[in-house]
Amino acid sequence: MKSALVATAVAFVLCLSVETSFAQIINIGQCPEDVEVVQNFDVEAYLGQWYEISRYEQTFQRNGECTQAHYSVNDDGSVRVQNRQLVPPSSLFEQEIGRAVISFPDEDPLQAKLNVSFGGMPPISSNYWVLDTDYTGFAFVFSCFPVSDNIKGENYWLLSRTTELPANAQDRVEELTEKFLIRRHIRVTKHDLYFCVNEGSTESTETTETTEAPETTDAMEPGESPNSHAKVEDKRSKRVYP
C-alpha cells in the first residue's frame with residue numbers, strides 16, 4: 001500500500017513539475033507548520049552571485065557540478081535567475097534563465113518567499129523560501145508542498161557567496177538541517193574540479209546554452225563575481241505578472 005502511494009505521488013509531482021520547472025524529493029508525511037522564513041526580506045541585498053554548496057537532487061540539475069546562480073533585476077522589476085552548471089566529464093557549462101517574483105508582495109513585513117519558474121512558464125508557485133541568510137555569506141533555501149494528506153514534496157539548496165560555506169554559518173546551517181532536512185537526500189556540490197575554473201563568469205544569454213571552459217594546465221581557485229547593485233522595485237506595492 002505504501003509503495004502504491006509513493007508511486008502515485010511521484011507521477012503527480014512529475015506532472016506538476018512541468019508547470020513549476022522544479023522537481024522535488026518525495027517523502028511520506030506532512031509539510032512542517034513551523035517553517036519560518038526571513039522577515040523584511042531585502043531583495044536588493046540578495047542579488048548577485050551565489051555558489052551552490054549542497055542541494056536535494058533535482059531533475060533539471062541531475063549530476064550537475066560547479067553549480068552557481070546569479071540574480072539580477074529585469075526591466076519589469078522581477079528577478080532574473082541565471083543558473084549555470086556542468087555535468088562531468090563534459091567541460092561545457094549549461095545555462096538556464098528563469099524568472100522570480102515575491103510570493104506575497106503585499107504582506108508586511110515582507111517574507112522571503114519567491115515564485116521561481118523557467119522555460120517561459122509563469123511563476124505561479126511559491127517554491128523558493130529563504131529560511132535564513134546574512135546576504136553576504138550564506139543562504140538556506142527550502143520549500144515544501146503537500147501532494148496528498150500523507151505525502152509531501154520538498155526542495156532544498158544551500159548557497160554561499162564563495163565556493164565554501166563560511167565558518168560562522170555552519171552552526172546555523174546544522175540547526176536548520178536537523179530541523180527540516182533528511183540527510184541521506186543531501187547532495188554536496190563539487191567546486192574543486194578542473195572544469196570549474198570558468199565558473200566565476202556571469203555572462204549570460206536569454207536561452208539555455210552551453211559554454212566551453214577554457215583549456216589550462218594551471219590550478220586555479222574559482223573567482224567570486226561582484227554582487228549586483230541594481231535597483232529593485234518595492235514588491236509590496238506592485239505585483240509582477242507575466
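Modeller: Cys196 is buried in this predicted model, its relative accessible area being 1%. A disulfide joins this residue to Cys66, with an S to S distance of 1.8 Å. The torsion about that S-S bond is -75 degrees, and the link of Cys66 and Cys196 is left-handed. Distant parts of the chain are linked by this pair: Cys66 belongs to strand 3 (residues 65–73), whereas Cys196 sits in the loop between strand 10 (186–188) and strand 11 (209–212), 130 residues apart. Cys66 has a relative accessible area of 0% and is therefore buried, as the term applies to values under 20%.

A search of the whole structure finds 2 disulfides. Besides the bond between Cys66 and Cys196, there is one between Cys31 and Cys144, with S to S 2.0 Å. Its S-S torsion is about -85 degrees, so the disulfide of Cys31 and Cys144 is left-handed. Cys31 is located in the loop between strand 1 (25–28) and helix 2 (43–46), and Cys144 in strand 8 (residues 138–146); the pair therefore ties together parts that are 113 residues apart in sequence. Cys144 has a relative accessible area of 8%, so this residue is buried.

With bonded cysteines counted along the chain, the disulfides follow the pattern 1-3, 2-4. The bonds concerned are Cys31 to Cys144 and Cys66 to Cys196.

Notes
Residues numbered from 1 in each chain as written. Predicted model: local features only at pLDDT ≥ 70, side-chain atom pairs only at ≥ 80, totals over all residues. Heavy atoms only, no water. Disulfide = S-S within 2.5 Å. Helix = DSSP H or I, 4+ residues; strand = E, 2+ residues; numbered from the N terminus. Buried < 20%, exposed > 50% of the residue type's maximum accessible area, 1.4 Å probe, protein only.
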